[in-house]
Amino acid sequence: MASNKAARDGEKIWKTNVDKVNAELVTLTYGTMVAQLCSDFNHKYGEVNQQLDKMGYNIGMRLIEDFFAKSGVQRCGNLRETAETISKIGFKMFLNITPTVSNWSADNKSFSLIFDENPLADFVELPNDGRAQDELWFSNIFCGILRGALEMVQMQVEAHYVADVLRGDETTEMRITLLRYMEDEMPPDDE
């Protein structure tokens, strides 16, 4: 899928096929949820990151069906097509943003998504406890969403943030690495 076509498709889907929700409501609700997780896990940010990833993974496993139903996109042929589809159609469709795909590895199994904007991070200040700036990945739910969605199309990936403007970095960057293409597996016999 050509990059320009993906961008046009993403814009069309955003305008015609997606129910919209107030962005501030989503942002504030997500922020409240992250604050509650920080409290529940006694500001052990590694555990908060794991919980956000786990929640995102479960969302992604279900969100992929909605993505295919509303977008009409067919299965991608390779990781480059997948990256462009995620960026220009997936993020556009659900969040009205389009992260930039860049920093491909030499073997074409890793790439970065660079976020110029992140609606989850609006109105956010990380806790000023001397640790959150180094340990908390506030939008880690996105990593889980991508892992869950891609697993449902037989792509096992690792996704993690390497930079975040909330931590004082110049950009927000997520790194995605293809670990393997999964075979269609039959469930174990119940007999």
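This report covers aromatic pairs, charges over rings and salt bridges in a predicted model.

## Basis

In this predicted model, local features need pLDDT of at least 70, side-chain atom pairs count only at pLDDT 80 or more, and totals for chains, interfaces and linings use all residues. Residues are numbered from 1 along each chain as its sequence is written, and side-chain values use heavy atoms, with hydrogens and water left out.

## Aromatic pairs

The structure holds eight aromatic pairs. Rings of Phe, Tyr and Trp (its six-membered ring) pair if their centres lie within 6.5 Å; planes under 30 degrees apart are stacked, over 60 edge-to-face, and the rest tilted.

F67 is buried, at 8% relative accessible area. F68 is partly exposed, at 29%. Here buried means under 20% relative accessible area, exposed over 50%, and partly exposed in between (1.4 Å probe, protein chains only).

## A pair between helix and strand

F91 and F115 also pair. Their ring centres are 5.3 Å apart and their planes are at 80°, so this pair is edge-to-face. F91 belongs to helix α4 (residues 79-95) and F115 to strand β2 (residues 110-115), so the pair ties together parts 24 residues apart in sequence. Helices (H or I, at least four residues) and strands (E, at least two) are DSSP runs, numbered from the N terminus.

F91 is buried, at 8% relative accessible area. F115 is buried too, at 5%.

## Charges over rings

W137 has a charge over its ring: the charged end of R167 sits 3.4 Å from the ring centre. R80 lies over the face of W104, 4.3 Å from the ring centre. A charge sits over a ring if NZ of Lys or CZ of Arg is within 6 Å of the ring centre and within 35 degrees of the ring normal.

## Salt bridges

The structure holds five salt bridges. Each is a side-chain nitrogen of Lys or Arg within 4 Å of a carboxyl oxygen of Asp or Glu. One joins K70 and D66, with the closest N and O atoms 3.6 Å apart. These residues are four apart in helix α3 (residues 45-71), about one helical turn. K70 is partly exposed, at 26%. D66 is partly exposed, at 28%.

D129, R131 and E135 are linked in a network of salt bridges. D129 meets R131 at 4.0 Å between the closest N and O atoms. R131 meets E135 at 3.6 Å, N to O.
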